[in-house]
Amino acid sequence: MNTRRMLITALLLLSTPALAALDLAGVSLGAPITSVKEVFAQTSPELDITPVMLDGVLVGYEGNLKPGKRATEEFEALVALADKSSQFVWMVGRKAELSNGQEIGPSVFQKTLESKYGPPSATSTNLREANFSATWIYPVTGPQYFGELPSSPCRNGEIAGTTDRVSLKDFKVPFEFYSECKTIIYAEAKFNKAGLITSYQIALVDAQSAYTAAKAQMLAGKRAQERAVQDILDRGNKPKL
(Lines give C-alpha, C1' and ligand atoms only; values in the text may rest on other atoms or scores of the structure.)
Protein backbone atom coordinates (compact mmCIF):
# COMPACT_ATOMS: atom_id res chain seq x y z
CA MET A 1 0.00 0.00 0.00
CA ASN A 2 1.51 3.36 -1.01
CA THR A 3 1.87 6.31 1.37
CA ARG A 4 -1.03 8.28 -0.18
CA ARG A 5 -3.41 5.34 0.14
CA MET A 6 -2.34 4.73 3.73
CA LEU A 7 -3.02 8.39 4.56
CA ILE A 8 -6.50 8.27 2.96
CA THR A 9 -7.31 5.07 4.85
CA ALA A 10 -6.20 6.63 8.14
CA LEU A 11 -8.33 9.72 7.54
CA LEU A 12 -11.38 7.59 6.78
CA LEU A 13 -10.91 5.60 9.97
CA LEU A 14 -10.54 8.79 12.00
CA SER A 15 -13.67 10.32 10.48
CA THR A 16 -15.83 7.22 11.01
CA PRO A 17 -17.35 6.76 14.50
CA ALA A 18 -16.57 3.53 16.32
CA LEU A 19 -19.72 1.61 15.50
CA ALA A 20 -19.03 -1.05 18.10
CA ALA A 21 -19.58 1.60 20.79
CA LEU A 22 -23.03 2.62 19.55
CA ASP A 23 -25.55 2.61 22.37
CA LEU A 24 -28.96 3.93 23.31
CA ALA A 25 -30.46 4.01 26.81
CA GLY A 26 -27.24 2.37 28.01
CA VAL A 27 -27.55 -0.69 25.76
CA SER A 28 -24.99 -1.28 23.00
CA LEU A 29 -25.55 -3.13 19.76
CA GLY A 30 -24.01 -6.57 20.11
CA ALA A 31 -24.55 -6.74 23.88
CA PRO A 32 -25.88 -10.02 25.34
CA ILE A 33 -29.64 -9.80 25.75
CA THR A 34 -29.35 -11.14 29.31
CA SER A 35 -27.66 -7.88 30.35
CA VAL A 36 -30.45 -5.61 29.08
CA LYS A 37 -33.01 -5.88 31.88
CA GLU A 38 -30.66 -4.52 34.54
CA VAL A 39 -29.43 -1.70 32.27
CA PHE A 40 -32.97 -0.62 31.37
CA ALA A 41 -33.97 -0.69 35.04
CA GLN A 42 -31.09 1.64 35.88
CA THR A 43 -31.77 3.92 32.90
CA SER A 44 -35.49 4.32 33.61
CA PRO A 45 -36.49 3.01 37.08
CA GLU A 46 -40.12 4.04 36.49
CA LEU A 47 -40.49 1.47 33.70
CA ASP A 48 -41.73 -2.08 34.01
CA ILE A 49 -39.20 -4.24 32.12
CA THR A 50 -40.78 -7.37 30.61
CA PRO A 51 -39.27 -10.13 28.43
CA VAL A 52 -40.12 -10.54 24.75
CA MET A 53 -40.41 -14.22 23.84
CA LEU A 54 -40.47 -15.95 20.46
CA ASP A 55 -41.26 -19.68 20.30
CA GLY A 56 -40.38 -19.95 23.98
CA VAL A 57 -36.98 -18.26 23.51
CA LEU A 58 -35.98 -14.91 25.01
CA VAL A 59 -35.38 -12.44 22.15
CA GLY A 60 -35.69 -9.09 23.89
CA TYR A 61 -36.89 -6.81 26.65
CA GLU A 62 -39.52 -4.10 26.52
CA GLY A 63 -39.93 -1.28 29.02
CA ASN A 64 -43.22 0.54 29.65
CA LEU A 65 -44.47 2.71 32.51
CA LYS A 66 -45.40 0.83 35.67
CA PRO A 67 -49.07 1.16 36.65
CA GLY A 68 -49.59 4.40 38.57
CA LYS A 69 -46.10 5.69 37.80
CA ARG A 70 -45.22 8.86 35.93
CA ALA A 71 -41.94 9.36 34.10
CA THR A 72 -40.04 12.61 33.60
CA GLU A 73 -41.56 12.48 30.14
CA GLU A 74 -45.32 12.08 29.73
CA PHE A 75 -44.70 8.63 28.27
CA GLU A 76 -41.58 6.59 27.65
CA ALA A 77 -40.87 3.17 26.18
CA LEU A 78 -37.67 1.17 25.64
CA VAL A 79 -36.94 -1.96 23.64
CA ALA A 80 -33.97 -4.18 22.86
CA LEU A 81 -34.17 -7.18 20.53
CA ALA A 82 -31.68 -10.01 20.02
CA ASP A 83 -31.19 -12.73 17.44
CA LYS A 84 -32.85 -15.93 18.65
CA SER A 85 -29.72 -18.00 18.02
CA SER A 86 -26.82 -15.73 19.02
CA GLN A 87 -28.70 -13.89 21.82
CA PHE A 88 -26.86 -10.67 20.93
CA VAL A 89 -28.73 -7.35 20.62
CA TRP A 90 -29.34 -6.20 17.05
CA MET A 91 -31.89 -3.42 17.75
CA VAL A 92 -32.35 -0.85 20.51
CA GLY A 93 -35.20 1.66 20.56
CA ARG A 94 -36.37 4.53 22.74
CA LYS A 95 -39.61 6.49 22.48
CA ALA A 96 -40.92 9.44 24.44
CA GLU A 97 -43.98 11.69 24.38
CA LEU A 98 -43.20 14.92 26.21
CA SER A 99 -45.52 16.61 28.68
CA ASN A 100 -46.37 20.31 28.69
CA GLY A 101 -43.25 22.30 29.48
CA GLN A 102 -40.91 19.43 28.57
CA GLU A 103 -40.90 20.12 24.82
CA ILE A 104 -37.54 20.25 23.00
CA GLY A 105 -36.31 22.78 20.43
CA PRO A 106 -35.58 21.20 17.00
CA SER A 107 -32.00 22.52 16.86
CA VAL A 108 -31.28 21.16 20.36
CA PHE A 109 -32.73 17.79 19.38
CA GLN A 110 -30.55 17.54 16.27
CA LYS A 111 -27.39 18.85 17.97
CA THR A 112 -27.82 16.35 20.82
CA LEU A 113 -28.07 13.50 18.34
CA GLU A 114 -25.06 14.72 16.39
CA SER A 115 -22.97 15.09 19.55
CA LYS A 116 -23.42 11.34 20.14
CA TYR A 117 -23.69 9.85 16.64
CA GLY A 118 -22.02 12.46 14.41
CA PRO A 119 -23.55 14.17 11.35
CA PRO A 120 -26.51 12.27 9.83
CA SER A 121 -26.41 10.75 6.38
CA ALA A 122 -29.69 12.48 5.53
CA THR A 123 -32.39 14.58 7.19
CA SER A 124 -35.95 15.38 6.24
CA THR A 125 -38.55 17.88 7.47
CA ASN A 126 -42.21 17.54 6.51
CA LEU A 127 -44.07 20.66 7.58
CA ARG A 128 -47.46 19.28 6.51
CA GLU A 129 -47.10 16.27 8.81
CA ALA A 130 -45.10 18.25 11.42
CA ASN A 131 -42.36 15.65 11.26
CA PHE A 132 -38.55 15.70 11.34
CA SER A 133 -36.31 12.69 10.71
CA ALA A 134 -32.59 12.00 10.61
CA THR A 135 -30.88 8.82 9.41
CA TRP A 136 -27.32 7.54 9.75
CA ILE A 137 -26.23 4.89 7.23
CA TYR A 138 -23.07 2.79 7.45
CA PRO A 139 -22.23 0.28 4.67
CA VAL A 140 -20.46 -3.03 5.25
CA THR A 141 -17.37 -1.60 3.52
CA GLY A 142 -16.24 2.00 3.42
CA PRO A 143 -17.09 5.12 5.45
CA GLN A 144 -20.49 6.50 6.41
CA TYR A 145 -22.86 7.07 3.50
CA PHE A 146 -24.12 10.58 2.73
CA GLY A 147 -26.84 11.18 0.15
CA GLU A 148 -30.36 10.22 -0.89
CA LEU A 149 -31.76 7.32 1.14
CA PRO A 150 -33.22 5.36 -1.84
CA SER A 151 -29.66 5.08 -3.22
CA SER A 152 -28.06 4.11 0.09
CA PRO A 153 -26.38 0.73 0.78
CA CYS A 154 -29.20 -0.03 3.21
CA ARG A 155 -31.71 -0.17 0.36
CA ASN A 156 -29.57 -1.97 -2.22
CA GLY A 157 -27.92 -5.34 -2.70
CA GLU A 158 -29.20 -8.83 -1.98
CA ILE A 159 -32.17 -8.84 0.36
CA ALA A 160 -32.93 -11.34 3.12
CA GLY A 161 -36.10 -11.45 5.17
CA THR A 162 -36.66 -13.10 8.52
CA THR A 163 -39.72 -15.08 9.57
CA ASP A 164 -38.86 -14.47 13.23
CA ARG A 165 -41.10 -11.42 13.36
CA VAL A 166 -41.75 -9.78 16.70
CA SER A 167 -44.75 -7.51 17.14
CA LEU A 168 -44.31 -4.67 19.62
CA LYS A 169 -46.86 -2.16 20.85
CA ASP A 170 -44.75 0.98 20.51
CA PHE A 171 -42.09 0.14 17.91
CA LYS A 172 -41.93 -0.92 14.28
CA VAL A 173 -39.50 -3.82 13.92
CA PRO A 174 -37.67 -4.18 10.58
CA PHE A 175 -37.74 -7.66 9.06
CA GLU A 176 -35.97 -7.17 5.70
CA PHE A 177 -32.25 -6.44 5.43
CA TYR A 178 -29.73 -5.80 2.64
CA SER A 179 -26.32 -7.40 2.13
CA GLU A 180 -24.50 -4.06 1.74
CA CYS A 181 -25.87 -2.47 4.93
CA LYS A 182 -23.99 -2.58 8.24
CA THR A 183 -25.66 -0.17 10.67
CA ILE A 184 -28.67 2.15 10.68
CA ILE A 185 -29.52 4.87 13.18
CA TYR A 186 -32.93 6.43 12.81
CA ALA A 187 -34.51 9.32 14.70
CA GLU A 188 -37.95 10.79 14.18
CA ALA A 189 -39.66 13.66 15.97
CA LYS A 190 -43.08 15.31 15.89
CA PHE A 191 -43.46 19.02 16.57
CA ASN A 192 -46.39 21.25 17.51
CA LYS A 193 -47.66 24.49 15.95
CA ALA A 194 -45.05 26.43 17.90
CA GLY A 195 -42.32 24.35 16.25
CA LEU A 196 -41.35 22.53 19.45
CA ILE A 197 -40.81 18.78 19.56
CA THR A 198 -43.52 16.96 21.51
CA SER A 199 -42.49 13.36 20.84
CA TYR A 200 -39.56 11.43 19.43
CA GLN A 201 -38.36 7.95 18.64
CA ILE A 202 -34.79 6.73 18.14
CA ALA A 203 -33.60 3.31 16.99
CA LEU A 204 -30.21 1.66 16.42
CA VAL A 205 -30.12 -1.37 14.11
CA ASP A 206 -27.25 -3.79 13.54
CA ALA A 207 -28.41 -4.56 10.00
CA GLN A 208 -25.41 -6.71 9.12
CA SER A 209 -25.95 -9.27 11.87
CA ALA A 210 -29.70 -9.22 11.20
CA TYR A 211 -29.05 -9.90 7.50
CA THR A 212 -26.67 -12.75 8.34
CA ALA A 213 -29.24 -14.36 10.65
CA ALA A 214 -32.06 -13.89 8.12
CA LYS A 215 -29.90 -15.33 5.31
CA ALA A 216 -29.04 -18.39 7.40
CA GLN A 217 -32.73 -18.83 8.22
CA MET A 218 -33.67 -18.64 4.53
CA LEU A 219 -31.00 -21.20 3.56
CA ALA A 220 -32.09 -23.55 6.35
CA GLY A 221 -35.69 -23.29 5.16
CA LYS A 222 -34.63 -23.98 1.58
CA ARG A 223 -32.62 -27.04 2.61
CA ALA A 224 -35.53 -28.36 4.68
CA GLN A 225 -37.87 -27.95 1.71
CA GLU A 226 -35.41 -29.72 -0.59
CA ARG A 227 -35.11 -32.62 1.88
CA ALA A 228 -38.89 -32.89 2.11
CA VAL A 229 -39.18 -33.04 -1.70
CA GLN A 230 -36.41 -35.66 -1.90
CA ASP A 231 -38.10 -37.77 0.79
CA ILE A 232 -41.26 -37.85 -1.31
CA LEU A 233 -39.30 -38.76 -4.45
CA ASP A 234 -37.52 -41.53 -2.56
CA ARG A 235 -40.87 -43.15 -1.79
CA GLY A 236 -41.28 -43.87 -5.46
CA ASN A 237 -44.92 -42.81 -5.54
CA LYS A 238 -46.61 -43.70 -8.83
CA PRO A 239 -49.93 -42.73 -10.39
CA LYS A 240 -52.78 -45.21 -10.53
CA LEU A 241 -53.46 -46.25 -14.12
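**Briefing: strands, cores and a pocket in a predicted model**

Strand E4 (residues 57–65) and strand E5 (residues 75–82) run antiparallel and are joined by 4 bridges. Strands pair here if DSSP finds at least two bridges between them. This is a predicted model, in which local features need pLDDT of at least 70, side-chain atom pairs count only at pLDDT 80 or more, and totals for chains, interfaces and linings use all residues. Residues are numbered from 1 along each chain as its sequence is written, and side-chain values use heavy atoms, with hydrogens and water left out.

**Overall make-up**

- The protein has 4 helices and 12 strands. Both are DSSP runs numbered from the N terminus: helices (H or I) have at least four residues, strands (E) at least two.
- Of its 241 residues, 38% count as buried. Buried means under 20% relative accessible area, exposed means over 50%, and partly exposed lies in between (1.4 Å probe, protein chains only).
- Among contacts with a separation of 6 or more, 57% come from residues 24 or more positions apart. A contact means heavy atoms within 4.5 Å.

**The sheet**

- An open sheet is formed by 8 strands in the order E3-E4-E5-E6-E12-E11-E8-E7, with antiparallel pairing.
- Its edge strands are E3 (47–54) and E7 (122–126), and each pairs on one side only.
- From one strand to the next, the twist averages 10 degrees. Axes are lines fitted to C-alpha atoms, for helices over the stretch in contact, and angles run from 0 to 180 degrees between N-to-C directions.
- Strands of a sheet pair through backbone hydrogen bonds, either parallel or antiparallel.
- Glycine 63 has leucine 78 in E5 as its bridge partner.
- E7 pairs with strand E8 (residues 131–139) in the antiparallel sense, over 5 bridges. Threonine 125 has phenylalanine 132 in E8 as its bridge partner.
- Helix H2 (residues 36–43) lies across E3, E4, E5 and strand E6 (89–97). H2 runs at about 165 degrees to E5.

**Nonpolar cores**

- The largest nonpolar core has 36 residues. Ile33, Val36, Phe40, Val89, Phe109, Tyr117 and Trp136 touch the most other members.
- A second, separate core of 23 residues includes Val52, Tyr145, Val166 and Ala207.
- A core is a set of buried Ala, Val, Leu, Ile, Met, Phe, Trp, Tyr and Cys residues joined through side-chain atoms within 4.5 Å.
- Beyond its neighbours within four places in sequence, valine 36 contacts Val27, Tyr61, Ala80 and Val89.

**Largest pocket**

- The volume of the largest pocket is about 680 Å³. Grid points are joined across faces, edges and corners, and the volume is the space filled by probe spheres set on the points.
- On a 1 Å grid over the protein atoms alone, a pocket is an open set of points where a 1.4 Å probe fits, with protein on both sides within 12 Å along at least five of seven lines; lining residues have an atom within 4 Å of a point.
- Of its 23 lining residues, Lys172, Pro174, Ile184, Tyr186 and Val205 are the closest to the centre.
- E8, strand E10 (176–178), strand E11 (181–191) and E12 each supply at least two lining residues. E11 gives the most, with 4 residues.

**Individual residues**

- Alanine 187 lies in E11 and counts as buried because its relative accessibility is 0%. Leaving out residues up to four places away in sequence, alanine 187 touches Phe109, Leu113, Phe132, Ser133, Ala134, Trp136, Gln201 and Ile202. Alanine 187 and phenylalanine 109 are 78 residues apart in sequence, with their C-alpha atoms 9.8 Å apart.
- Serine 199 lies in strand E12 (residues 197–206). Serine 199 counts as buried because its relative accessibility is 18%.
- Proline 32 sits in the loop between strand E2 (27–28) and H2. Proline 32 counts as partly exposed because its relative accessibility is 37%. Leaving out residues up to four places away in sequence, proline 32 touches Gln87, Phe88 and Val89.

**Positive phi values**

- Most residues other than glycine have a negative phi.
- Alanine 25 has a positive phi near 55 degrees. Alanine 25 lies in the loop between strand E1 (23–24) and E2, and counts as buried because its relative accessibility is 9%.
- Aspartate 55 has a positive phi near 55 degrees. Aspartate 55 lies in the loop between E3 and E4, and counts as exposed because its relative accessibility is 63%.
- Alanine 130 takes a positive phi near 50 degrees in the hairpin of E7 and E8, which has 4 residues between the strands.
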